[in-house]
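Here are a few exercises to work through with the model open beside you. Try each task before reading its solution.

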Amino acid sequence: MYVAAAAGIILSMVLAMLRALLGPTVYDRVLALNMFGTKTVLLIAVLGFLDGRPDFLDLAIVYALINFIGTIAVLKLFEVGDLGRASDPGEGSA
Amino acid sequence: MVRAFSLGVMLFGVWLLLSGHYTPLLLGFGVGSSILVVLIAMRMDVVDHEGVPLYLGPRVLAYIPWLLLEILRANIIVARIILHPALPISPIMVHFQASQKTDLGRAIYANSITLTPGTITTGVEGSELEIHALTWADVDGREEDEMDRRVTRLEQGI
Amino acid sequence: MELVLDILSWAAIVGGLFFMVVGAVGVLRMPDVYTRLHAAGMTDTMGAGLILIGLTLQAGPTLVAVRLMLVWAFLLFTNPISTHALARAALSGGVRPFRVDMKGEQP
């Protein structure tokens, strides 16, 4: 039964990957990648149960963190063109 | 100071839940790293009413179940739209007036709107929110007004 | 009792898989990036949530259950932020929304 759950998650990962390949804009690809990351978190959790090793959940938490920070970093790079500067110097000073 | 202390207690609680090993050495590591994080947070100047919103208190616990039910309802609507062969969408951008006083209240309201599928906050200017919706029915005002009222109540602590 | 929990947890997992696959199909079917964000939000909130609830029911009252709920809480906190950032980046990047009836002024 866990195998079925993992298969369902992998199916939707394939669909997300299809959108990442189709594009057309770069934002569609980032969106698909973000979705792919969320599904990876779930896949890690389900695989942990499948293996009888719930310690995998720590990996899932760390992956969720990295996925979020990675998405924000890529978007900031598109918007500002630089990871070091604030995106809006007028507002960020408070 | 109260904020810093309660932030440390919360961090240590998360450590206890995540570690699962209760030996003196590891508990010592937990206390040490909690204190270190609190010191860094104080140096970053984020231990204020926004960073550690203690005053929201237990009212959050009443708001979250309502929000989850709302999310479930919106999910079913969007799922029916996606599975409909004709894909009956009519995207629309609208502007809402948020009635919250503080930035934190507005952030909670905007994030709640984004969390319910069918509506996304695309911009915030002062107390005006710009919202992209999938169909007209998603922004006809009823759910949003109720959410607005609930978040304002959450923020003001009545 | 065991049986009831099992049935409930598998119902939650199957429901989560349903929302997740429908969300992925939506991301493929929708016409532009803003409408796709709605479909993606569906997989992140309900799809992930129901699957994690199902796994929690399987785990029982242990630390594992707490960690699963922590994963979900984390997803619920971060998902709107990245969705909002994506929508704003696309707007400022000049992607026009698909067939939008502007009620107020142009964005």
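A residue is called buried when its relative accessible area is under 20%, exposed when the value is over 50%, and partly exposed in between. Please keep in mind that the model is predicted.

**Exercise 1.** Find the salt bridge of A:D28 and decide whether its two residues are buried or exposed.

*Solution.* Begin with the partner: A:D28 pairs with C:R36, and their closest N and O atoms are 2.2 Å apart. Last, apply the cut-off: both A:D28 and C:R36 are buried.

**Exercise 2.** Work out which chains and helices are joined by the salt bridge between C:R67 and A:D58.

*Solution.* Start with the contact, where the closest N and O atoms of C:R67 and A:D58 are 3.1 Å apart. C:R67 sits in helix α3 of chain C and A:D58 in helix α3 of chain A, so two chains are joined by this pair. Now turn to accessibility: C:R67 has 8% and is therefore buried, while A:D58 has 31% and counts as partly exposed.

**Exercise 3.** Determine how B:R73 and B:E70 are spaced along their helix.

*Solution.* The two side chains form a salt bridge with an N to O distance of 3.1 Å. Both residues lie in helix α3 (residues 59-83) of chain B; they are three residues apart, which means a separation of about one helical turn. B:R73 is partly exposed at 42% relative accessibility, whereas B:E70, at 11%, is buried. Over all chains, the count of salt bridges comes to three.

**Exercise 4.** Describe the largest cavity and say which element gives the most to its lining.

*Solution.* First, the search: the whole structure holds three cavities of 30 Å³ or more, and the largest has about 90 Å³ of space. Second, the lining: its residues include A:N34, A:F68, C:D44 and C:N79. Third, the class: four lining residues are nonpolar, six are polar and one is charged. Finally, the contributors: α2 and α3 of chain A and α3 of chain C each supply at least two residues, and α3(C) gives the most, with five.

**Exercise 5.** Identify the residues of the nonpolar surface patch of about 360 Å².

*Solution.* The patch is made by A:V62, A:L65, A:I66 and A:I69. Taking one of them, A:L65 is in helix α3 (residues 56-80) of chain A. A:L65 counts as partly exposed because its relative accessibility is 36%.

Definitions and conventions
Residues numbered from 1 in each chain as written. Chains lettered and ligands numbered in written order. Predicted model: local features only at pLDDT ≥ 70, side-chain atom pairs only at ≥ 80, totals over all residues. Heavy atoms only, no water. Patch = residues over 30% accessible without salt bridge, like charges linked within 9 Å, V, L, I, M, F, W, Y side chains within 5 Å. Areas by Shrake-Rupley, 256 points an atom, 1.4 Å probe, with all protein chains shown as cover. Salt bridge = Lys/Arg side-chain N within 4 Å of Asp/Glu carboxyl O. Helix = DSSP H or I, 4+ residues; strand = E, 2+ residues; numbered from the N terminus. Buried < 20%, exposed > 50% of the residue type's maximum accessible area, 1.4 Å probe, protein only. 1 Å grid on protein atoms, 1.4 Å probe; cavity = no way out; pocket = protein on both sides within 12 Å on 5 of 7 lines; lining within 4 Å. Points joined across faces, edges and corners; volume = space filled by probe spheres on them. Nonpolar A, V, L, I, M, F, W, Y, C, P; charged D, E, K, R; others polar.
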